[in-house]
Amino acid sequence: MEKVQAVIDFLLAHKVVLTVIVVMIISGIRRITLWKIRGEVDFVTEDQRKWMSRTKNGTFAFTVILLFMLWQSEISEFALSVTAIAVAIVVASKEIILCFTGSIQRASSRSFRIGDWIEVGKLSGEVIEHNLMATVIQEIDLYHGNYHYTGKTATLPNSMFFSYPVKNLNFMKRYVYHNFTIVVPEFVNLYPMLPGINNKIEQHCHYFSEVAKRYNAIIEKHAGVDLPGAEPHIHISSGATGEQVVHFMIFCPTENAVHLEHLIRQDFMTQYEATFPNSKTTMDVANDND
């Protein structure tokens, strides 16, 4: 018992050694816990990511509190000694403070959680981790209408949440309003083609149409707004130089959006060629998902 007391007295007298031991023990427990949560799987599930994030944030907070209690007297003395330069410290640590407050703002507003798709500025992706300083996302290509992971990981400082609006795109993980256009340079009457094209679209979408309607209704109820609906939408407008622009919007499973666009484009070109066999028009196709 005397030896144990002697060891305790020694560690309390040498706080640097005690700090190193505490950090090593907590780091070891943290690493073992993360290893147990991840297991031997190649791909981490959403629940695993949540528990891994909670473990990282919890051990970090516990370590900070424990070290603060251990060094409380020294911190108090240090705080008194730097009172005169407190303003300079605040200015120098502005970004760090913004990151902390951005984390508080994110937690209080519940704007997103792990597994959600978000867009911050020009970056968009799936949230895979967040802590007091930064949010990590797996980047997704939304601007080209592909909805595919790019393989890039972006780390966003939480201070960005004060500079850019955070858009929660979580409903797009399953279904998305996919928009694209077809440009017809020659000015011809395209309206007789629209019923046939609309029938073709309904044929391509028949296998998920009922699920799409239910999912659309759920989104409307959750958001409290009247959305365009699950049925396909087609309208025609004119460009600045007289060309006709055919706009398409379909509500479809995210992973099938590009494939359905290709099918609809093929149907349009086939019907256009049959309707206007003598036309020499070259058509341009563009995505409009910005």
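I take buried to mean under 20% relative accessible area, exposed over 50%, and partly exposed in between, with a 1.4 Å probe and protein chains only. By that rule Glu126, at 8% relative accessibility, counts as buried.

**Ground rules.** This is a predicted model, where local features need pLDDT of at least 70, side-chain atom pairs count only at pLDDT 80 or more, and totals for chains, interfaces and linings use all residues. Residues are numbered from 1 along each chain as its sequence is written, and side-chain values use heavy atoms, with hydrogens and water left out. I take helices (H or I, at least four residues) and strands (E, at least two) as DSSP runs, numbered from the N terminus.

**Entry: salt bridges.** I searched the whole structure for a side-chain nitrogen of Lys or Arg within 4 Å of a carboxyl oxygen of Asp or Glu. The search finds two salt bridges. Arg49 pairs with Glu126, and their closest N and O atoms are 3.1 Å apart. Arg49 sits in helix H3 and Glu126 in strand E2 (residues 123-130), 77 residues apart, so I note a link between distant parts of the chain. Arg49 is partly exposed, at 23% relative accessible area. Lys56 forms a salt bridge with Glu129, with closest N and O atoms 3.4 Å apart. Lys56 lies in helix H3 and Glu129 in strand E2, so this pair ties together parts that are 73 residues apart in sequence.

**Entry: surface patch.** Which residues form the nonpolar patch on the surface? I list Phe60, Val64, Ile96, Phe100, Leu132 and Met133, with about 490 Å² of accessible area together. Patch members have over 30% relative accessible area and no salt bridge; like charges are joined within 9 Å, and nonpolar side chains (Val, Leu, Ile, Met, Phe, Trp, Tyr) within 5 Å. Areas come from the Shrake-Rupley method with a 1.4 Å probe; for residues, only the protein chains shown count as cover. Helix H3 (46-70) and helix H6 (94-109) each supply at least two residues of the patch. Val64 is found in helix H3. Val64 is partly exposed, with a relative accessible area of 42%.

**Entry: strands around E8.** I count two strands as paired if DSSP finds at least two bridges between them. E6 (residues 175-184) and E8 pair in the antiparallel sense over ten bridges. Asn179 has Met249 of E8 as its bridge partner, and Val176 has Cys252. E7 (residues 233-238) also runs antiparallel to E8, joined by six bridges. There His235 is partnered by His247. The hairpin of E7 and E8 has five residues between the strands, and Gly242 takes a positive phi near 95°. How many residues of E8 are buried? Ten of the ten (residues 244-253) are, so E8 is largely enclosed by the rest of the structure. For E6 the count is nine of the ten, so E6 is largely enclosed too.

**Entry: cores.** A nonpolar core is a set of buried Ala, Val, Leu, Ile, Met, Phe, Trp, Tyr and Cys residues joined through side-chain atoms within 4.5 Å. The largest has 37 residues, and Leu190, Phe248, Phe251, Phe268 and Tyr272 have the most contacts inside it. E6, helix H7 (194-205), helix H8 (209-223), E8 and helix H9 (257-275) each supply at least two residues of this core. A second, separate core of ten residues includes Val120, Ile137, Leu156 and Phe161.

**Entry: cysteines.** I looked for cysteine sulfur atoms within 2.5 Å, the disulfide cut-off. The count comes to zero disulfides. Cys205 is in no disulfide; its nearest cysteine sulfur, that of Cys252, is 6.7 Å away. Cys205 counts as buried at 12% relative accessibility, and Cys252 at 0%.
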